[in-house]
Amino acid sequence: MRRSSDVFGFMAPECSPEGHRVLRNPYRSTRFDSLELQRTAIQDLVCDHSLPPAWYRFMIDNRPAEMPTRCIEMNKCGTQAPVWLSLKSESLPVPGESKRLTACATWQVFFGGTKDCCLFRIPVAVRNCGEFFVYLLQPTQGCMGYCAEAVNIAPQEPLRSPRAGSSWHRHGFLPGSIPQPRPLEAHKQDIDKLTSLALQPVITPELVEGRVHLKCTFSRPPSKPLLRYVVVWSRLSTPGKKEQVQRDTTLQSFSYVEMNGVNLRLGDTVFCTVTAFMRDTPEQQSLTEESKGFYAGIKFLPESLQIAEDGKEHVLTILSTVPIACPGHDHSCKITLQLSTEDLDSQLLGPPNVALSACQVDLLQAPCSESSCAATALGVTAVTDFAQDGTRVSHVRAEPVGWRDLLWRAYTPKDVKVTVQDLPTGNCYSFTDPHIITFDGWRYDNYKIGTFLLCRSVSRAFEVHVRQWDCGGHRSATACNCGVAAREGGDTVVLDTCNGHFRESRPQLAIKSTEASPRVKILKSYGGRKITILFPSGAFVRADVSEWGMSLTVRTPGSDFNSTRGLCGLFDGIGHNDLSNVPEEDFIEEWRIPPGKSLFDKTPAPSEGKERKNYCRCQKESTKSVPVVNTLNAFQTAFPPSSGCRYDHVDYTSAIPYLDVTSEFVTHSEVESTLRKDEKLSTKSFDQRYLPKSVQKRGSPEDRLKPLAHNVSMKSNSSINSTKPTEDLRRAKRQDDYYEYSSLHPLHGPNQRDSESFAYFFPEDYFEGIRTKLPLAWPTPNGLTAAKAREICHQILANSTIGLVCKGLLGKQMDEAIDICLLDLQLKDDVAWVRALVALLENECERRVLGNRNRVFHVGNQPSATQEEILTALRCPAFCNGNGQCTELGCQCFEDHSSYDCSIAKKQALEITGLENGGLCDVRASDCTRIRVFGLGFRESPNLHCEVTRLIHLNGEWISREQETTKADFVSSEAVDCQIPLLNITETEAVHFVAGDEPFARWQVKAPSSQPLTFIGENFVYQLVAVDPEGSAVLFILEAGPQDARLSPAGLLIWKVDSEEMQTFEFTVSDECNAQSRYSIEVKYNYGPLFPEERDRLRNATIMFLPGSHL
């Protein structure tokens, strides 16, 4: 028996075995659940975005299959977005017939939206080949898959009636039967059937003699009566109204109209209307049939997008529905489109809402197929802007460029509407000893020591580890951060002070990357007080460095929402569940990292994540009026705009100015050699001078428990003569009023440093020792009352420049900082810790001003603080203390002042207040070639030096020997590192060494200084110095004086001289025991400098060496 498709002579080419391809993947079955595949073998998902356009037949398990004609649920057919055949009012073609139908992809819009069975539409042609269907398929717009379901075909039994609903029944004939062709009827019968004639006009584009034409094709009756056709071409001029363009009468079953750019232009929706009539009896006409509207021009598929700030890419297909002509030999057959984005609801010239994979694309000439004559794909993603700006709407626009043809020259395609949904971004804080504020705002305290997971994303390769060591609470066990290690993708960065002793270690920074070139940025702000590790995703880890360690801020983008684990909580918008409803101690222990398993100890294997794509900001220049704030200059970005495309789907804007110092820590060859050898991290310190041998390697736990000799008394000349051993897990304590912040300065290139092994022994990972926890109460052992503590916290935090200016933004966060301050004072009984919380206000204020860039902030009943005022306070701390001008990049100090906040007077009296570790250096643990000197008024200079005099102990007395000038390295205005000459001890001197723990050698360190000079109109700056007999920190408070005079808690008096009258300044000095003394000073104007006689003063400090067995 012959196949039925052969019998009738309608065997189309695509029905032959050579005319189509067969899709046999069993995953395409509508019964196959894709969820398990997504979890275990996502690479096997059915994804037809690269399917070649062709005719296809489906087979499932060697059985014939067809595309389903009902809505298929998501995650079926081996894909996430199944594609099925939508019939609506249509029916499948009868045998021998071909129809153009629409396939639909099922998808669900973001975040709880309803399922849309036809969110994406794909044109499909279907041919009934008798025994099976073939489908003309084209690539999908994204990772979608065409579905199939097996059909049961009855055996070929001609005498048996078909079952209703069977494949043969639906195809229109019985197995083995041969339908007879319709016999030719008389002329009169043809006329009678004109009214029921199905012409089915369709418009297709063609190139005719190099010019774009549209062709209207319609069906002829199979009996071929003598018919003529009237074809009317029209265009949609206004919604609902058509305008006739051309009218043809033809004997052919088609008609052409040219797209000449005049009567028909690109962007028009064109229709053709066909009426048939008998040539002999023109009054007998068929019913008029109109084609579907044909849009001539550039189309975007889908026509609109709904995306979110989650870092995901969405594919936008750009296609031309008309062929691309080659106007001459000098032009390539392509259309170049310039793409741009426009934010419809943007009020400022800030970052755009969306970024594109390219700002210019080419549509290359190709054969027209299924309403597409040229196509290209464009990646679209939302810009992560760390702003709370809600849902926004943008348009993507394409404009042809460089085309002289009239048809294309004045054509602008329709825009694509892109709706961008905002996602929360979060900051997590770990400050002082440390108090942790999670991404969702829940606060708790972690007084444990060791290594912990601060934050990890479960949706991408991002994690932050933190190390905590004991930081010497007076009444209860306390800890503080001494190091942080962060990783994103293939980049790992470690900022560490843990490889040494408390208050003695210097920060070391190391970068290791499995990428060809690290993508991380290292940014330094406020003279090195803030170090920010900025990753390409926009996440950062910021360390506010102090002499005791560091406070940490972790920022994470919206892509990590609902996807974080660790001490920073779940980041789901719910604060009370951040500790997983377990006791704090149990929760903290859950995130302890075992020894040797952290980022401090080893670098993770290269991640297998997908390659990071480049995106472009194709922002259209806005003509809108811009508010007072010049946003282009108000902020700073780590990746300034460039001619090329980078990772511009993330806004790296910062309100705090910084210096990019990444190049100081990265060299390509160094990364390669490190990876090839032993997978150890190359350590690049902020300054090699900060790496004495005594702290390069931590000793064993037993070594740490040995008595540590440190100073307990200081004479007027800072020469320390007595030592007292203590046995404690803590390191030797240094006075806190030596300096406020440790500046990390300067930064050298890798070729100026030796490579250090990164791993070291961190004993806190193995044991916590005996950590006393006593109930806390007021007053403290030093007599500090709750009222006085609150006054101190309010003065240092709420009345600080940042506290006052950002008050309206900070809101309850200021109360949170005050509470933390009170707890710190109660735990530490030490005022010096309070100043570290100013950084918390700075970071939170920056987060909020970036998140609310378009608003004006009100401060209660006080005058409102504008965005410009807040940004000025962040750029220029303390408004440069009146000693400089605030610029876009921070304070520009006047000639007589320096420092990042212009707080250091260059003519300020130089004074040494103490030495590191009390001036004690153990030659058994270090070469003692360097000592940190603390004081007031240090200034950076290439000729900075120290004068040291060697003292030896002979006959019970210390005798001065040789004096030398040694190089000094600037650390901050309150600290320098002095080199100490190597000991050269003769045999005669050796017999006079003092045994035991008495020092056997001394060096006396001196630094010259002068008094300041001040004139009317200038700032009078003077550092008041007070020393508590018990060594406690002191606090200065100005009680009375000129209106514009300011006295910092550390005793820096600043007053702009505007009068020749004598001025009186009254102030109180209080210590940690709340003991107060009141003083007054008078400043009288003289005709000349306030201090007419310059005189040098020498302040002395002595470093002592303990004997070693090798000397």
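Tutor: H649 touches A355, T381, A382, V383, T384, R612 and Y615, leaving aside residues up to four places away in sequence. Keep in mind that this is a predicted model. H649 itself sits in the loop between β40 (636-637) and β41 (653-654).

Student: Why is H649 called buried?

Tutor: The relative accessible area of H649 is 6%.

Student: Now to the helices. How do you know how α14 and α15 cross?

Tutor: Two packed helices are described by the angle between their axes and the distance between the axes. For α14 (residues 838-851) and α15 (residues 867-875), the axes come within 11 Å and cross at roughly 145°. The crossing of α14 and α15 is left-handed.

Student: Which residues make the contact?

Tutor: From α14 there are E842, C845, E846 and V849, and from α15 there are Q867, I870, L871 and L874. These residues of the contact divide into five nonpolar, one polar and two charged. Glu counts as charged, so E842 and E846 are the charged pair here.

Student: What makes β59 mostly covered?

Tutor: Four of the five residues of β59 (residues 1019-1023) are buried. Five bridges join β59 to β62 (residues 1052-1056), and these strands run antiparallel. At least two bridges are needed for strands to pair, so five bridges meet the rule for β59 and β62. Within this pairing, F1020 has W1055 of β62 as its bridge partner.

Student: On to cysteines. How do you know that C368 and C373 form a disulfide?

Tutor: Their sulfur atoms are 2.0 Å apart. The cut-off is within 2.5 Å, so C368 and C373 qualify. The link of C368 and C373 is right-handed, with 110° about the S-S bond.

Student: What makes the disulfide of C428 and C568 a tie between parts of the sequence?

Tutor: Start with the bond: a disulfide joins C428 to C568, S to S 2.0 Å, and the link is left-handed with -80° about the S-S bond. C428 lies in strand β27 (residues 426-431) and C568 in the loop between β39 (564-565) and α6 (584-590), so the pair ties together parts 140 residues apart in sequence. Both C428 and C568 are buried.

Student: What about C946 and C978?

Tutor: A disulfide joins these two as well, S to S 1.8 Å, and the link of C946 and C978 is left-handed with -55° about the S-S bond. Because C946 lies in strand β55 (residues 945-954) and C978 in strand β57 (residues 975-979), this pair ties together parts 32 residues apart in sequence. C946 has a relative accessible area of 4% and C978 has 1%, so each falls under the 20% limit for buried.

Student: Why is C471 in no disulfide?

Tutor: For C471, the nearest cysteine sulfur is that of C480, 3.0 Å away. C471 is buried at 2% relative accessibility, and C480 is buried with a relative accessible area of 0%.

Student: And how many disulfides does the count come to?

Tutor: By this rule, 16 disulfides.

Methods: Residues numbered from 1 in each chain as written. Predicted model: local features only at pLDDT ≥ 70, side-chain atom pairs only at ≥ 80, totals over all residues. Heavy atoms only, no water. Buried < 20%, exposed > 50% of the residue type's maximum accessible area, 1.4 Å probe, protein only. Contact = heavy atoms within 4.5 Å. Axes fitted to C-alpha atoms, helices over the stretch in contact; angles between N-to-C directions. Left-handed = near helix turned anticlockwise from the far one by under 90°.
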